[in-house]
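Hi everyone, thanks for making time. I'd like to walk you through a few spots in a model I've been looking at, so please have it up on your screens.

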Amino acid sequence: MNCRRGNPTMRASTVLLCGVVLIQLFAAQIHSQRPKSPWQTLSGDAPLVIARGGFSGLFPDSSIDAYTFAMRTSAAGVVLWCDVQLTKDGQGICFPDLTMSNGSNVESVYPKRQKIYPVNGIPTQGWFTIDFTLRDVKEISLNPGIWTRSDMFNGNVEISVVQKVATMLKPDGFWLNVQHDAFYAQQNLNMSSFLISTSRIVSIDYISSPEMNFFRKIAGHFGHAGPSFVFQFLEKEEIEPTTNQTYGSILRNLTFVKMFASGILVPKSYILPLDDNQYLLPPTSLAQDAHKAGLKVYVLGFANDVDIAYNYSFDPVSEYLSFIDNGDFSVDGVLSAFPITASASVDCFSHIGSNATKQVDFLVISKNGASADYPGCTNLAYEKAIKDGADVIDCSVQMSSDGKPFCSSSIDLEGTTTVAQTPLRDRSVTIPEISSVARIYTFSLTWSEIRNLTPEIISPYTDYPLRNPNEKNSGKLILLSEFLNLAKESTSLSSVMVSIENAMYLREKQGLDVIKAVLDTLAETGYRNGTTNTKVMIQSTNSSKFAEAVVIQKSSVFPDADGFVTGKTNVVERLQKSGLTVYVELFQNEFVSQPYDFFSDATVEINSYITGTGINGTITEFPFTAARYKRNRCLGKKETPPYMTPFKTGGLLKNISPTSLPPAEAPRLVITDADVFEPPLPPVIQKSPNSALGTSSTCAQEPSRQTQLALSMILYVFASLM
């Protein structure tokens, strides 16, 4: 384009056009020079971590302790969320609901103040905030509103005043949620006036509500530098009171929402829906559609101690990553009762591939394979463990009646298979040396009978959801030789672990030499002639004199009482100084398996054992979680962020009322060499064809007291075979 010719008017227009083109080209060049953000959020910035009521997964929701702890343990820029409620005298408090019975002791303080009000047209009974002045509220104490959360932090925990949270804590971000503006208006209380006056005193960064009319009231009252408005979607079938439309129908008109809001707040199911069995369905396009409309997307409902999709294997970090780092979209913020986990997910585990550099070195050892995803010791459990990044897969060797060694987590088949539902249930016998009740044992069946049994996932917690019910009976039990060949074909495994138990009983009473069977199988599969680089470790409670490593329980490192860690031992340090490698078991993802100190997060627990005590390996039923931790980007930083700092032993106990503290621990038993006796293995006594499998309890000989002590106190030991 020639910018110097033509009449003056044309020339001026042309110059202007050339200038615009040059500016656009310059802007495009600057944009191309900017580093491309890995985040697929609307702004390209990392997703926001929003602490719902502070760290409300641990402390009472919206308490000063909860807000303080959230700021101390979360990412920089964490936003504090406050559900604003109004008192009788028009003061604003932070409390999760209109009624106060769930989350406080209001019922015992004011037993006669219960009333009934219409809420969205539905008569609702309870202790409403509007019936109490701010002075009345100060007599009420907060407590957890969810039964799975500890009540140890109850006591004189005041309800927080909105202005106090902002002025006392000075958060980087402050989010006020107004859930029931229409209700307060019906009671002649003005929520919008409260917010406008409060904004002159403290900084409000976000305001959200599920009521459109509320945004009409406050529009234009905060100026250009005012808070961001976020429209909250309730469940799709619920009715929005202003438009009388369902939230599901409003969802189809995001351009309309953009007229009064800069973002939307939605339940998790709006983006990643679940089927009736709690498994993930294909994601919706809501995040992409909202971004196209210029709306940021915030997601609520994250908590480490609630049920999540089975696809996540009870791992909250995996759930967060599915919303913020899935390759297709990223939401702009997550609302969480456990902001420490949200912070780590964003900063430590996002955008790291399976080939990312390992930041810490320890062994991830499976427990019966990935036995929380598939039945333990099956082909599928082992294949999943290898895929998930385990360094070592394990086989607990059992013997069939015809002398075939195979993998099974227990000598008792009733706990690991559906054998009791088959005609083989009549093989049940009583073996006093093993159990006082009749069971069906591996040595009661031939391998041809065992291999056709249906395996079953073991779910260890009766009051907690079952593990992966869709795969409850998937896979098949495999021979030790099949296990070893599977491991040999893997390029990622460093070792296999072969566990041998009940060797004495099997030799003496069943005529089965499990040790010889294992050694013969190792030779047959090439593990003793150097044809494979995969090492072998033998695990047993016997032969401790030859141990190179020990396995200890988690509580031997961090003893706990009433769900809280009470201290830290020096067991790991002492064992390592003696030249022993230390492995710890058993790591599980279910939050009920962890003391409260680990915040219902398996990753926090692993971090505390690895970086906090220096153990050499974890034995886990969830190898994926432990293997991912190795690639934890935050461990490579010069300064470890607070959400990846090992917890302070006994730190939470300082926040508990002295009257609620767990009792002091009894002195631990001191064991000397003289207390430990290990008898030699008896010779193999061949069993006659007509002999009974079991004996009655009256004629069975009890194991000696000395032998029992040896088995219980030596714990597990390893010896390197190679």
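This is a predicted model: local features need pLDDT of at least 70, side-chain atom pairs count only at pLDDT 80 or more; totals for chains, interfaces and linings use all residues.

Okay, cavities. How many cavities of 30 Å³ or more does a search of the whole structure find? The search turns up five. I want to talk about the second largest cavity, with a volume of about 50 Å³. Its lining is made up of Asn 304, Val 306, Ile 308, Phe 314, Pro 316, Tyr 464, Asn 589, Phe 591 and Ser 600. If you sort that lining by class, you get six nonpolar residues, three polar ones and no charged ones. And where do they come from? Domain 1 (48-99 + 159-349) and domain 2 (363-654) each give at least three residues to the lining.

Gln 594 sits in the loop that runs between strand S23 (581-587) and helix H20 (602-613). Is Gln 594 buried or exposed? Its relative accessibility is 9%, so it counts as buried; the cut-off for buried is under 20%. The Gln 594 side chain gets to the backbone oxygen of Asn 589, at 3.5 Å.

Next side chain: Tyr 527, which you'll find in the loop between helix H18 (514-524) and strand S19 (535-540). Tyr 527 has a relative accessible area of 1%, so it is buried. What does its side chain reach? A polar atom of the Tyr 527 side chain lies 2.5 Å from the backbone oxygen of Leu 484. That side chain also reaches the backbone nitrogen of Lys 488, at 3.3 Å. For a sense of the sequence gap, Tyr 527 and Leu 484 are 43 residues apart, while their C-alpha atoms are 8.4 Å apart in space.

On to helix H21, residues 623-630. Why do we say H21 is largely enclosed by the rest of the structure? Because seven of its eight residues are buried. Those are Pro 623, Thr 625, Ala 626, Ala 627, Arg 628, Tyr 629 and Lys 630. The partners they pack against are helix H12 (316-324), strand S15 (363-366), helix H14 (379-388), H20 and strand S24 (617-620).

Last part, the backbone. As background, most peptide bonds are trans, and most residues other than glycine have a negative phi. Now look at the bond joining Glu 585 and Leu 586: it is cis, with omega about 0°. Leu 586 lies in strand S23.

Then there are two positive phi values to look at. Ser 62 is not a glycine, and its phi is near 70°. Ser 62 is in the loop between strand S1 (48-52) and helix H2 (64-73), and it is buried, with a relative accessible area of 1%. Lys 170, not a glycine either, has a phi of about 50°. Lys 170 is in the loop between helix H5 (162-169) and strand S7 (173-177), and this residue is exposed, at 61% relative accessible area.

Definitions and conventions. Residues are numbered from 1 along each chain as its sequence is written. Side-chain values use heavy atoms; hydrogens and water are left out. On a 1 Å grid over the protein atoms alone, a cavity is a set of points where a 1.4 Å probe fits but cannot get out, and a pocket is an open set with protein on both sides within 12 Å along at least five of seven lines; lining residues have an atom within 4 Å of a point. Grid points are joined across faces, edges and corners, and a volume is the space filled by probe spheres set on the points. Ala, Val, Leu, Ile, Met, Phe, Trp, Tyr, Cys and Pro count as nonpolar, Asp, Glu, Lys and Arg as charged, and the others, Gly among them, as polar. Domain bounds come from an automatic or database domain assignment. Helices (H or I, at least four residues) and strands (E, at least two) are DSSP runs, numbered from the N terminus. Buried means under 20% relative accessible area, exposed over 50%, partly exposed in between (1.4 Å probe, protein chains only). A polar contact is a pair of N or O atoms within 3.5 Å; within protein, one must be able to donate a hydrogen and the other to accept it, and residues adjacent in sequence count only if both atoms are side-chain atoms. Contact means heavy atoms within 4.5 Å.
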